[in-house]
Amino acid sequence: QVVFGRALRIGKPTLPQNKSLPQGGVAGLVPNFPMAGLPTSASPGMLAPPSVLMPAGTVLSPPGSSLAAATPKPAAPSRARIYIGSIGYEVTEQEIIQLFSVCGKVASCTLLPNPDTGRHKGFGFLEFEDEKSAETALQSMNGIELQGRKLRVGPANHPANQSGVLP
C-alpha cells in the first residue's frame with residue numbers, strides 16, 4: 001500500500017535475526033515520525049499516536065459524561081423548510097417568494113445555481129418563519145403552474161448548511 005508517496009507494509013515489524021529494537025523503540029524504525037511522550041516500546045494494537053489520528057484540541061470523554069452531552073448535534077431538518085422543483089429557468093427567487101408569500105411570511109429562498117450555465121438548476125428551497133405556513137404551502141402549492149410549468153412542492157429532506165446547498 002502507498003501512502004503519501006511512500007510504500008507502507010502492513011503487519012508486524014520484522015527484524016533480522018539476532019537483532020532487537022533500537023534504543024528509541026519503534027521511533028528508531030520510522031524516520032521523521034513524532035513519538036515524543038510515548039513509551040519506548042510499541043503498545044499492542046497501536047498504529048499511530050493519538051496526535052496523528054485526531055485534530056489538535058480534540059477532547060475525548062466517556063459517552064455518559066457532561067462534556068459529551070455538551071457536544072453540539074447536527075441540526076434536524078426544519079419543518080418550516082420546503083423543496084420546490086420543476087421551476088422554469090427564467091423564474092427568479094423574488095418571483096418564488098412573491099408566489100409563496102400567500103401561505104405565510106417567507107424567511108429565505110435559495111434556487112441552486114448551475115455553475116456551467118450561470119442559471120439555477122430548476123429546483124430550490126424555501127423557508128418560512130413558521131411551520132404552519134410551510135404546511136399550508138405543501139398542501140396548496142404542489143402542482144401550481146408558474147410560467148408554463150407545474151411546480152413540485154414537498155418537504156425538504158436535508159438540513160440547510162451555511163451556503164444553502166445540499167451536503
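Ser 133 lies in helix H4, where helices (H or I, at least four residues) and strands (E, at least two) are DSSP runs numbered from the N terminus. With a relative accessible area of 5%, Ser 133 is buried; buried means under 20% relative accessible area, exposed over 50%, and partly exposed in between, with a 1.4 Å probe and protein chains only. Leaving out residues up to four places away in sequence, Ser 133 touches Cys 103, Gly 104, Lys 105 and Phe 128, a contact being heavy atoms within 4.5 Å. The model is predicted, so local features need pLDDT of at least 70 and side-chain atom pairs count only at pLDDT 80 or more, while totals for chains, interfaces and linings use all residues. Residues are numbered from 1 along each chain as its sequence is written, and side-chain values use heavy atoms, with hydrogens and water left out.

The rest of H4, which spans residues 131-140, can be read around this serine: Ser 133, Ala 134 and Ala 137 are buried in the helix. These residues lie on the same side of H4, because they cover an arc of only 100° around the axis, the arc being that of the directions from the helix axis to the C-beta atoms. An α-helix has 3.6 residues a turn, so residues three or four places apart point the same way. The face of H4 turned away from its buried side carries the exposed residues Lys 132 and Gln 139. Among the elements that cover the buried residues of H4 are E3, H3, strand E5 (120-128) and strand E8 (152-155). At the start of H4, a side-chain oxygen of Asp 130 comes to within 3.2 Å of the backbone nitrogen of Lys 132.

Four strands form an open sheet in the order E4-E5-E3-E8, and the pairing is antiparallel; two strands pair if DSSP finds at least two bridges between them. E4 and E8 stand at the edges, each with a single partner strand, so one side of each is left without a neighbour in the sheet. On average, neighbouring strands of this sheet are turned by 25° against each other, direction ignored, with axes taken as lines fitted to C-alpha atoms, for helices over the stretch in contact, and angles running from 0 to 180 degrees between N-to-C directions.

Within the sheet, E3 and E5 pair in the antiparallel sense over four bridges. Tyr 83 stands opposite Phe 125 in E5, and the bridge partner of Arg 81 in E5 is Glu 127. E4 and E5 pair in the antiparallel sense over six bridges, and here Ser 108 stands opposite Glu 127 in E5. H3 lies across E3, E4, E5 and E8, running at about 140° to E4. H4 also packs on the sheet, touching E3, E5 and E8, and its direction makes about 140° with that of E8.

The largest nonpolar core has 18 residues, and those with the most contacts inside it are Ile 82, Ile 84, Ile 96, Phe 100, Leu 126 and Phe 128; a nonpolar core is a set of buried Ala, Val, Leu, Ile, Met, Phe, Trp, Tyr and Cys residues joined through side-chain atoms within 4.5 Å. At least two residues of this core come from each of E3, H3, strand E4 (106-113), E5 and H4, and E4 gives the most, with three residues. Beyond four places in sequence, the residues that Ile 84 touches include Ile 96, Phe 100, Leu 126 and Leu 151.

The loops complete the tour. Asn 114 lies in the loop between E4 and E5 and counts as partly exposed at 22% relative accessibility. Its side chain reaches the backbone nitrogen of Asp 116 at 2.9 Å, and, leaving aside neighbours within four places in sequence, Asn 114 is in contact with Arg 119, His 120 and Lys 121. In this hairpin of E4 and E5, which has six residues between the strands, Gly 118 takes a positive phi near 85°.

Most residues other than glycine have a negative phi. Ser 86, however, has a positive phi near 60°, and it lies in the loop between strand E3 (81-85) and helix H3 (93-100). Gln 147 has a positive phi of about 50° although it is not a glycine, and it lies in the loop between strand E6 (145-146) and strand E7 (149-150).

Methods. Polar contact = N/O pair within 3.5 Å; in protein donor to acceptor, adjacent residues only side chain to side chain.
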